[in-house]
Amino acid sequence: MWNGGNGLKRDFRMSLQQKALLMLIILLLFFSMMFMITSSIIIKKTEDDFKARTSETAVNNVVSTIRASLVNYNYLTRLIMLNDRVVSYLKTKETDREKIYDVKEGINEIQSLYSYIDSVYIFRNDGEHVSTGIGEYSIDINSVERSNILDARGAIVISINGNGTISKKGSKPLLTMSRAIYDINSQKLLGILMMNISGDVFNDALALQNPSGMCILDRNGTLLCGNEEIGSLYDSDYNSNSIVYKSIRLGGERKTLTGKLAVKPLVVLCASGKGAEPMPRDTLHALMITLTAFILSAFVCAWFITVNIARPIRNLSEAMERTRSSGWLKRIDTEMPNNEIGRLAESYNSMIEYLNELFNRLLENEKNMQKAEIRVLQEQIKPHFLYNTLETISYMAVQEKASKAHDALETLGSFYRNFLSKGDREIPLKRELRITQDYLALQKLRYGDIFVDEYILDNSTLDFMIPKLILQPLVENCIYHGVRLKGEKCVIRITTCMDEGGLHIIVYDSGVGMSAEQIKNVLEASEKDDIKGLSGFGLRGTINRIRYYYDYDNIVQIRSDPGEYTEIEIYIPKIRKNKTEE
């Protein structure tokens, strides 16, 4: 119900209270749901973490066993490659059965030190080879990857079935350990050793962990030992030196599949479905305490927000609304807390003071500019100027031909027609130049040939919009305070040019010049000085008028050499859009 301003305030307060109550109810429901969701998440997380830790421990144990076994077999290959009979076979160019048998005996003696060694192959540089092992083997000598083995520079290269070069009929894939054999003295290549190890070597490692839920395979997915069903779940993501976890479904049960790269190219996988124990009672109590703390915190936060944020913001909003309704920019007198909201109110008051100061300054500038424009009109239409001009024309009518009097009247008419400029405050530079040219033509009628006027104009400046009547007072100043006092023929030159900042107008006369003190008085004079009559209107008034018009102080430069010349440069910035001449 609307009952004026007070009724509106009551409705607003009730709305805030209702919103606060609704917010509390929503928070209670939210925290209750969060409690249930959090509890289920924690239970699930605890179970998943337990599964992950179990799988990770099993994988790391098997990886450690594999690496330890490979260290032993690597040591065995070193013994074989350093065996005198093996070295002699590799160095001898011609061999016989007795020497080959002798080499095999030497290899078998070393091979017997460890179990699970299926066979050993020794390749010479000429392609000949000897081998040990029981069973039917298939070997493609030409496919032996000699480049990969030689690139290892004597280090072990591990592969499955020698990367497809060796296979045993009726046997599971073999783990092949290959290395190059070099002469211990000359370091020349003597041959290549390939040791094939049965995949059963890793069964013992799996048996100590979880043999039904683990497997060992290579990076291509070739199973060496362990659970085939788990091996079928392998993908390239497990080719990592760090543990990788994935959630899977195995036999209708959700499990965690953990894997890791043992050594290239062996990968160990473990699937764990064993869950964690139920959540302890202490954990449930902790969750209940946490939920209660959340609810209490919600009430405290709601009270704090209402007292310290909502209420001060409402008071600030009402005070600003009262200021807006009054139609005046006034300061806010409402008491505010000493916090960010209070500083916001102070900033608002500072902004109001600045705006009022800015409005007053703009109003004062507008008044001064209008005064200056009125004084320009008064200066140009005052009787003595019109009287002097008409007196000159009258004299010409008597002494000269009537046609010159007619031209003089035409020039006077053109001057006042352009001078009035249909009441425009801004006119194009070319119209201002016509006013100045007409004015100088009238002054030549009066003073004769005491000066010549010259113009150096940039065509791009002619349509630039400038305040009306800023050139004529400057050339008038040149005539009365420079040219006329010198007593000889002088030059008045007007130059215009543009740059990125704006328009430059330079008025030059070769008159008596100005002293440094006179230049200082002109540049530092204010509008009040003009009003008091402390100076002639022309130069000072024009400078102040342009300053007011553009609100820009650095508007003029005066350069002079007493007795030689005076040069006044007016700068008009590009802060107003140019208008085309009507």
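Reader: How many disulfides does the structure hold?
Author: The structure holds zero disulfides, a disulfide being a pair of cysteine sulfur atoms within 2.5 Å. This is a predicted model, in which local features need pLDDT of at least 70, side-chain atom pairs count only at pLDDT 80 or more, and totals for chains, interfaces and linings use all residues. Residues are numbered from 1 along each chain as its sequence is written, and side-chain values use heavy atoms, with hydrogens and water left out.

Reader: Is C270 buried or exposed?
Author: C270 is buried, with a relative accessible area of 2%. Buried means under 20% relative accessible area, exposed over 50%, and partly exposed in between, using a 1.4 Å probe and protein chains only.

Reader: And where does C225 lie?
Author: C225 lies in strand β9, residues 223-226; strands are DSSP runs of E with at least two residues, and helices are runs of H or I with at least four, both numbered from the N terminus. C225 is buried too, at a relative accessible area of 2%.

Reader: Which residues does C225 touch?
Author: Leaving out residues up to four places away in sequence, C225 touches G199, F202, N203, L206, C215 and I216. Contact here means heavy atoms within 4.5 Å. The C-alpha atoms of C225 and G199 are separated by 6.0 Å, although the two residues are 26 residues apart along the chain.
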